[in-house]
Amino acid sequence: MALRLELRPEASRAMLFVAPMLAIALTVATGGLLFAALGFSPLPALKVFFLSPLGDLYGISEWLLKATPLAIIAVALALGFRGNVWNIGAEGQLIMGAVASGGVALALYDVSGAWVLPTVLLAGIAGGALYAGIPAFLRIRFHANEILTSLMLNYVATLFLAWLVHGPWRSPEGYNFPESRMFTDSALMPILLEGTRLHVGALLAPLVALVAWVILSRSFLGFQIKVIGMTPAAGSYAGFGPKRVIAFTLMFGGGMAGLAGAMEVCGPIGQLVPTVSPGYGYTAIIAAFLGRLHPFGILLASLLLALTYIGGDAAQITLGVPLAVTQVFQGMILFFLLACDVLIRYRVRFAARPSLGGAA
Amino acid sequence: MTAPLAAPLPVPRLALKGITKRYPGCLANDGVDLAVMPGECHALLGENGAGKSTLVKIVYGVLQADVGEILWEGEPVRIDSPAAARKLGIGMVFQHFSLFESMTVTENVALGTGDPSPLPELGARIAEVSQRYGLALDPDRRISDLSVGERQRVEIVRCLLQDPKLLIMDEPTSVLTPQEAESLFETLRRLVAEGRSILYISHKLAEIRVLCEAATVLRGGRLAGRCDPREETAASLARLMIGADFAPPVREAQEIDRSGAARLAVERLSLAPLVPFATPLSDISFSVRAGEIFGIAGVAGNGQAELLGTLSGETLVAVPDAVKIDGEAVGHMGPRRRRERGMGFVPEERLGRGAVPDMSLADNALLSAHRTPGMLKRGLIRFSRTRAFAEKVISTFHVATSGPQAAARSLSGGNLQKFIVGREILQNPRLLIVAQPTWGVDAGAAASIHRDLITLAEGGAAVLVVSQDLDELFAICDRIAVMCHGRLSEAQAVRATDVEQIGMLMGGVFHLNEGEG
Amino acid sequence: MNEAEIATLAAILAAMVRAATPLVFAALGELVTERAGVLNLGIEGMMLMGAVAAFGTAHAGAGYAAAMAMGAGAGVGMSLLFAFLALGLRANQVACGLALSIFGVGLSAFVGKSLVGTPIEALPALPIPLLSEIPVIGRALFSQDILVYASVLAVPAISWFLFKTRAGLILRAIGENHDAAHDIGYSVLKVRTLAIMFGGAMAGLAGAYLSLAYTPMWVENMSSGRGWIALALVVFATWVPVRALLGAYLFGGVTILQLHAQNWGIPVSSQILAMLPYLATIVVLVLISRDETKIKLNAPACLGKVFHSGR
C-alpha cells in the first residue's frame, strides 16, 4: 500500500474547514497519549488542560485576556503571510511596543488625563511599526531576507528591554529589582470586568480582525497582497509594487504587535519587566496558520491557543508537568494542521501497487 | 527448395496496446495503440492537447499508464522509470530540455546517462559522438552559455552516447531556425540509416511529410488514424488531426501608412542582464504604427523575454526615450502607467504571469483591468463589476468554462489564452503586445485568437506579436523583424520576404550582402 | 608580548573556535540541505533536541560517544518530521521549518525539565601530539575536543562530496532543477530526504556540542538563536562550505569579543554587548544580499520550491 497524492482541479472549500478541526482532534488525541506516557490517565489530564481552567468567570476572563494579544498580532501577521512576507519578528515588535509605550507612560508619570492612555497606546503602535520598519527597509533596499532579520531583532529587543529595566529605567524604589516604576492609573487599561484582569483591549481584537478582513477581502490593496503572495510574476505583470506590500504588511504587523505589547504593560503587568510576553509573538504565527490566514478564523484559533497557555499553567499546578507542555501542544497543533492541509489541494489515494504511485 | 520460406513477420521495436492514462478531470490517453518498426522514422501527430506528450512520457517511464501494455521487440515490459527505459535502449529528447543551467555539458551528460566513467573520459566521448553525427559541441561549456539549438544537441548527444535503439523526439524543431531544423533532419536520417528507430512528435505537417515514413495520429487522447505521410497532403493530414476541414484565418499583409506617428517606438534600446543567464539587449530600434501587425521572430532565448519586459514596463530602462507610446517617453514607467496610455499586454507565460492560477476568472479580470471605470471605489473592489467584466470576456470570446468563479487553472491552455487576450482587447487598447499568442494552443483556439488580433488591428490599434512560430507570423503580420543574440534585424515587409530569408536572420546572419553566412 | 598576554591570546582564540563550532555544524548541514533545494528553517528546533538528547544520555552515564550519537539521532528524528510534511505532504517549507523550530523549543524544554541545573563533566580535550605544542596556535586549534576536530574536517569532506563525487553532482542537480532531474529519472524525494536527514544530524551534533562541551549542562533554549544565525551563514557563504567555516569563525570571534569586552573595561553594559552577534548577523546578511545577482547566481534555483511529480 502506498500513499498517493492527486492534485485536485480546484482547492476544496470543505477541507478548508475540516482540516483545522482534524488537526485539533489529532492534537488532543496525541496530547492524551503524551499524558498517558507520563503516567496520568489521559481523560482527566486532558480535562485539567482544556476544560477546568474555564470553570469559572475568572478563568474565562484570563482566557480572553491571553487570547487578545494573540488575535491582534496574528490577524496582522496573516496579511503579510498572504503576501509572502514572513514577519517572524512579532515578539520583538511586541517588546519594542511595550518599551515605547512604557517610556511614554513613565515620561507622563505625574500627568493625568483621558488623553494619556491613548497616547501611550499610540506610542506602542509606533514603536512596533518602526521596529518592523527595519526588516522592511532592509528587504526593500538590500533584499535581505526578512525572516532572518526580523528574528534576529527579537533577540535584540529582548536584550534592549533587559538593559532598560536593569539600567536607566530601573525603579528608584524597587529594591534593585530589574523593573520600572508601576505606571499610574491614567496610563492603565480600564478593567472590563470587576474583579478580573480583563481590560477593554479585549474589545479591540474583533475590531482589528474586522479591519483586516476589509483590507484582505474587499480592498484593492488586499487583492494586491494576495496576488503577490500567490504568484509574484502576475503581480509584476499587473504592475503591483511589491515594495509597498512589504512595507505595509511588515509595519502593520509591527504596529499591531506593538499595540499588544503596550496593552500588556498597561494592562495585566502595569510596569516594564524583563519579560513582557510568554512568546505571544511566536504563538501568533501558529494562530495565523490555524485560523487559515483568515481574520475571523484567527479569532477562533487565538481562543484555542490561549487555552494552551492557561491549560499549561493548570497542568503545571495540578499535575506537576513542566510548563513547556504549552509549547508542545502549540507545536503539535501546527504540525497536524500543516499535515491536514494536504487535503485541501490533494486527494489522498491509497494505491494498491506501490510503484504506480508517483510520489509516495 | 520445395516451398518458399515465409518471410518472418517483422517484429515492431516498440508496440503499445490500449494505453490509457487518466488525470483528474481529463482523459489524456484513451486506448491508444502504436507500433514503431526497426529503422523507421515514425511520426506521432496531433494537435496541442491531443495526448502526444503523455503517451511518450509513458514510453519513457516518466509516467505510468493506468491501463495498457508495452511490448519491446515483442516482449511485454514494464517501464517504471526513465532508467528502465534507457536500459531497454530508449532515449528521449524532451521539448522542455532536462538540462541544468549552471553545469557543464559533460556534467549534464553524466547526470543524464548515469555513466560512471570519470568526467574527462566522458568529455572525450562526447566530442567524438558529436563529431560523428555533425552535432558540434564543446563538452566543457556551461549550459547557460549555449543557444537553444546547442542545448538540443546536448540532449541528442546525451541520448546517442547510450546507443539507443529508439529515439523519441518531442517537437524538436519548435526551437530551431529553419536551417538548423534542416541539419537536424540530416542527423536523424543518418540515425535511421543505422537501423535506429525514431518516434518523432510534431504538429508541423510539412516536416513530417519530408522526414517520416509512417505516422500515428492522435485526436483528443484517442487514436485518430495511421498513414504514410509521404502519400498524404498537408490538408488531408490536418483533417485527420483536427477531425474536420479547417481553414485558419490568413491576412493579406498590408502596406501601412508610414507618415503618421508610431504608436510604439523603440529607439536604440540597450539593457544589461539583470539576472544570471539573461541575454543583454543591444541597440534595438523598431516602431509599430496604428493598424499594423508587427511580428518579432526568433528562436527562444535570444532576448525576447528581456525585450518584452522593457515593453511591458516590468523592467524599467535608464533612458526613458528608448520606449515611446504615441510619442511620449515611457521607458521609466511601470506597467500600470503604460496601461493608462493605452497599452495592453499578453505575456508568454499564461498561468503564473498572465493569470493567477488559484484565483477566479473574475479576480483575474481585475488583475489587469482594474483601471476599467467602476471596478474600484475608494480603494475597495466592486465585485459585481469584476464579475460582469469576466462574464463579458467569456461570452464575447467564447471561453469554455463553468463561469466567472472558475479558477484560472481549471481552464485548458487554449481557453485561458482566449480569456487573457479577450481581457486585454475589451480594455480597448491602442497598442497590444502579445507574446507567443498560440503557443501550445489547439487549432480552433489559435484561429480564433488570430482572428481577434486581426480585427483589433483593423479597428486601428497597433499590434506587436512576438512569436517563435514563423507560420503564424507569416499568416497575420505586415512586417517581421528577427531577434538574435539580443539584437533586432531590420523589419522586413511580409510581402517582400520569405521563410528562407527570415530563417537566415534567425541564425544571426543580419547582413546578407556581406555574404558571411 | 609577555607570557601572560600570549596565554590570553591563545585562550581567546581557543574560545573563538569553540563558540564557532556549533555554527559550523549547523551551517554545513543546512548548506547540504539547501543545495538539494530544501529550505529547512527548523535548525533551532533540531539543535535544541540534539542538545537535550545528548545531555540526557551523557547525564545517564552512557558515555560521550552514545551521547553524540543520540544528539545526532534526535536531530535526524526531528528532520524526518520536516521531511514528511514538506516532501511527503508537500506543505510550505517555510511554515514547516517554523513549526519545527517552535516545536523543538517546546519539546526540548518539556523533556529536559528534570535535567536543568545538573552539570556534567565537559567533553575532554584531545591535544594532538606535536601540533598542540606550537605556541598560541597549538593551544587554540590543536588542544580541542573531538567535535571541534570533526567540525573542521567536515568542511573538506563536504566540499569533496558536493563538487567531486557523482552523488554530489546529483544532489546539486536536484537543487537546481528538480523537474529535469525527475524527468531524467532521479528520485527527487529520496535524495532530498537524505539531505534533510544529514542537515538534521549536523544540527543535532551542533546541539550536542553545546550541551556536552561548550556549556556542559542543559538550559532551556540554550541555543539562543544559533540555529537562525547558521541559516544566515549559509547565505553569507553563498552555499560554499569553506566560506561557511570562515563565517562561523567570524561569528565566534564576535561572540568572544563581546564576552571579553567587559574584562577589558569597555564601559558598555552586558546586555548591549550581547546584542552584537545578532546585529552582526543582520549586517552580514545585508552586505551579502545587497548584490542580488550574486545571490541568484549561487543559490540553488529550486530552493524552497515544492516539487510535484507527474504534473
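Biologist: Why is the crossing in which α6(A) passes α10(C) called left-handed?

Modeller: α6(A) passes α10(C) in a left-handed crossing, because the word applies when the near helix is turned anticlockwise from the far one by less than a right angle, and right-handed applies if it is turned clockwise. This is a predicted model, where local features need pLDDT of at least 70, side-chain atom pairs count only at pLDDT 80 or more, and totals for chains, interfaces and linings use all residues. Residues are numbered from 1 along each chain as its sequence is written, while chains are lettered from A and ligands numbered from 1 in the order in which they are written.

Biologist: At what angle do the axes of α6 of chain A and α10 of chain C cross?

Modeller: At roughly 145°, with the axes coming within 10 Å. The axes are lines fitted to C-alpha atoms over the stretch in contact, and angles run from 0 to 180 degrees between N-to-C directions. The helices are residues 146–166 of chain A and 226–236 of chain C; helices are DSSP runs (H or I, at least four residues), as are strands (E, at least two), numbered from the N terminus.

Biologist: Which residues make the contact of α6(A) with α10(C)?

Modeller: L148(A), L151(A) and M152(A) make it on α6(A), and W228(C), L231(C) and A232(C) on α10(C). Contact requires C-beta atoms, placed from the backbone, within 7 Å.

Biologist: How many residues of this helix contact fall in each class?

Modeller: Six are nonpolar, none polar and none charged. Ala, Val, Leu, Ile, Met, Phe, Trp, Tyr, Cys and Pro count as nonpolar, Asp, Glu, Lys and Arg as charged, and the others, Gly among them, as polar.

Biologist: How many residues of chain A are in contact with chain C?

Modeller: 40 residues of chain A contact 43 residues of chain C. On the chain A side, α6(A) gives the largest share, eleven residues. That side has 30 nonpolar, nine polar and one charged residues.

Biologist: What does chain C contribute to its contact with chain B?

Modeller: 14 residues of chain C, in contact with 19 residues of chain B. α7 (166–176), α8 (178–184) and α14 (292–298) of chain C each supply at least two residues of the chain C side, and α7(C) gives the most, with five. The classes on that side are six nonpolar, four polar and four charged.

Biologist: Why is A109(C) called buried?

Modeller: A109(C) has 24 other C-beta atoms within 10 Å. Buried means 20 or more (exposed is 12 or fewer, partly exposed in between), so A109(C) is buried. A109(C) lies in helix α4 (residues 93–111) of chain C. Leaving aside residues up to four places away in sequence, A109(C) touches P322(A), A324(A), Q327(A), E220(C) and N221(C).

Biologist: What makes a set of residues a nonpolar core, and which members of the largest one touch the most others?

Modeller: A core joins buried Ala, Val, Leu, Ile, Met, Phe, Trp, Tyr and Cys residues through C-beta atoms within 7 Å. The largest has 403 residues; I73(A), A74(A), A288(A), I168(B), V463(B), A27(C) and L233(C) touch the most other members. Helix α9 (residues 188–214) of chain C gives the largest share of this core, 18 residues.

Biologist: Which residues does A27(C) touch, not counting those up to four places away in sequence?

Modeller: A230(C), L233(C), V234(C), A237(C), A244(C) and A248(C).

Key
Two residues are in contact if their C-beta atoms, placed from the backbone, lie within 7 Å.
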